[in-house]
Amino acid sequence: MKAAQFYKIYFSIQDYLMILFGTLLYGFGFNAFILSNEIVTGGVSGICALIFFATGGAIPVSVSYFVINVVLLLAALKILGFKFSIKTIFAVFTLTFFLSLIQELTAGMHLLQDQPFMACVLGASFCGSGIGIAFSSNGSTGGTDIIAAIINKYRDITLGRVMMICDMIIITSSYFVLKDWEKVVYGFVTLYVCSFVLDQIVNSARQSVQFFIISKKYQEIGKEINALHRGVTVIDATGLYTGQEQKMMFVLAKKRQSTTIFRIINDIDPTAFVSQSAVIGVYGEGFDHFKLKKSK
């Protein structure tokens, strides 16, 4: 198997495993802490919780969650593309499964029932972490995450802020079902914590690094780095001390790919000279996009 195929399969499997882990975290946090304490969070899961409470539990959260997301996924296929949507479909199916499974396992269990504030903080932390991990793996847990991803594609607004704006109406409307303003307040606390955790995880995953690599085997190293879908720019350089002409590679990559790049360099040329540094922002193909309004 060629290196390009290996790394493509490796990162694809890694993304799906991380999405699976993210949906597990979300399913546990939502059922064990939020739903069991009758706290309504935002997003489609919040709407599903309202339906669950309004019908006295006749319509499970997993069922309404799956139905609503089918409509949103059709929009994602058209706007965000197949790559994003196929992983979102995977996340929706796995989250639907975990919501159903964990709800059955936690039936009759009321964690932190006498401490609703701690329940909403812990539940929101699990949910925010789950959504953040899914987003960082080029996927989504569905729901308003899709709406947030669509807006974030064209405007420089953080995912957490978009979701907060979308979800305020859902949480406020929970009063008409639960008739308890205290539950509404806890819902807003859950929303804030979830959005904060989400932004922290997504922003840390988006961090990029740059490499300057000097090696006589620059062509071999460059081809292997290209297999990671990362571009390599070769610059003509001259060593001032030796006076020798040599090639220097300039590479921009995601921080999580750093270990793989170092492994490639070490396998091909352990004597290579490498400089790595963090960058504030990278815009272009394979990284972030410019999110500015076009001048008239």
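**A partly exposed isoleucine and its surroundings**

I59 is partly exposed, with a relative accessible area of 33%; here buried means under 20%, exposed over 50% and partly exposed in between (1.4 Å probe, protein chains only). This is a predicted model, in which local features need pLDDT of at least 70, side-chain atom pairs count only at pLDDT 80 or more, and totals for chains, interfaces and linings use all residues. Residues are numbered from 1 along each chain as its sequence is written, and side-chain values use heavy atoms, leaving out hydrogens and water.

The loop that holds I59 lies between helix 2 (43–54) and helix 3. Helices (H or I, at least four residues) and strands (E, at least two) are DSSP runs, numbered from the N terminus. Together with V63, F66, V67, V70 and F93, I59 forms a nonpolar patch on the surface, with about 490 Å² of accessible area in total. Helix 3, residues 61–79, gives the most to this patch, with 4 residues. Patch members have over 30% relative accessible area and no salt bridge, and nonpolar side chains (Val, Leu, Ile, Met, Phe, Trp, Tyr) are joined within 5 Å, like charges within 9 Å. A salt bridge is a side-chain nitrogen of Lys or Arg within 4 Å of a carboxyl oxygen of Asp or Glu. Areas follow the Shrake-Rupley method with a 1.4 Å probe; for residues, only the protein chains shown count as cover.

Turning to the whole protein chain, its secondary structure comes to 11 helices and 4 strands. Of its 296 residues, 45% are buried.
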